[in-house]
Amino acid sequence: MERRRIVKKVAEHIYQIKSSWEPQRTRASNLYLIHGDTRSLLIDAGFCNQASMEAVRRLLRQLSIPWDHLDIFVTHNHPDHAGLAAALSEKGARIFMKPEECETCAILCSYYSDPDHSGMGLLHSYGFSQRQAKKLMERSRAPEYRYHDYPWKGFPVTDIQAGEHLQYGEYDLEVLSLPGHTMHQMGLVERTHKWLFTSDTLSKRQVLTLASVQPGSQQLHIHLQTLDGLTKDFGDFWVVPGHYNPFYGTKKAVQNTKRYFAHMLQKVGDAMEAGNGKPCTLAEMVQKVFRYDPSAFFEEEVLKIHFRLANTLSCLDELVRQGSLTAKQEHGVWYWVKSFPYNTLPY
């Protein structure tokens, strides 16, 4: 039975509700509504389920906001942040979202909203056998994991670019480009009140995964550059993340993220060193880094497998960028091999 969603007033004319997927017990995502004079802004759209829709409906009813007076700023196209976007658009809401982000929902470990996507081929390209890939696909589509099923494209969006301003009542929100968690993720900053809406770019309680799916994207490098920018420009702002509670200052959370990835880079590099020059697939590397035996890996919780695959891929990609590793593809399978003794980034 779904818990009753409570509307929380967090500042003058700003309200928070939570959206979650109960069967999987995922961490709730934050939705913030800024009540304006003529139009109001909902930051992110939560999961695509009835409980989340009812929470939004109850909030709009409480504040007497018609559907067609609602704008929705979607930070990135993941099921816990964009799930209701299509349904709310059908009710008359206007969706602000980068078209490039609207066209990408690919995540490793077969997390695709489109059931016809070639997830098997992607998993095979990273070293999983046909049997292993099929098992991961089947597990990811089990009822308790089906929160990734949502209409993730095909609905109208209003393009939004970094530097544009959205005005709602007393609040002037500037659009920020925050690539890293996804390549086209966006955020908002309210400079007068020093609020920074980062969604999944930054969190105090945990390091969030990077949605890497292809070698060569340099997503970790881009993410770390984004974090450096947040430290430089918004060090004394209140950070409003996509999950968990707001916190003051960006420095400590950025340092925690950098330490995590420095540790991951070290572990990946050490595993390559221990391999005596033998080429390694992503599937093999994840089992080495996290010390899985082959059978235990496939019994792990599926979301955790995805996080570990994506972050390990990001680290392999970063070591290639540094010149320590070389990536090559043979017979449709990606391999990484040591170029020379690696050097991790000095974080």
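A residue is called buried here when its relative accessible area is under 20%, exposed when over 50%, and partly exposed in between (1.4 Å probe, protein chains only). The model is a predicted one: local features need pLDDT of at least 70, side-chain atom pairs count only at pLDDT 80 or more, and totals for chains, interfaces and linings use all residues. Side-chain values rest on heavy atoms, without hydrogens and water, and residues are numbered from 1 along each chain as its sequence is written.

Let's start with the aromatic rings. Rings of Phe, Tyr and Trp (its six-membered ring) pair if their centres lie within 6.5 Å; planes under 30 degrees apart are stacked, over 60 edge-to-face, and the rest tilted.

| Pair | Kind | Centre to centre | Angle between planes |
|---|---|---|---|
| Tyr126 and Trp336 | stacked | 6.5 Å | 20° |
| Tyr260 and Phe261 | edge-to-face | 4.9 Å | 80° |

Tyr126 and Trp336 are both buried. Tyr126 lies in the loop between helix 5 and helix 6, and Trp336 in strand 14 (residues 333-338), so their pair ties together parts 210 residues apart in sequence. Helices (H or I, at least four residues) and strands (E, at least two) are DSSP runs, numbered from the N terminus. Together with Trp334, Tyr126 and Trp336 make up one aromatic cluster. In the other pair, Tyr260 is partly exposed at 26% relative accessible area, while Phe261 is buried at 0%.

Next comes helix 6 (residues 130-140). Its buried residues are Gln132, Ala133, Leu136, Met137, Arg139 and Ser140. On the other side of helix 6, Gln130 and Arg131 are exposed.
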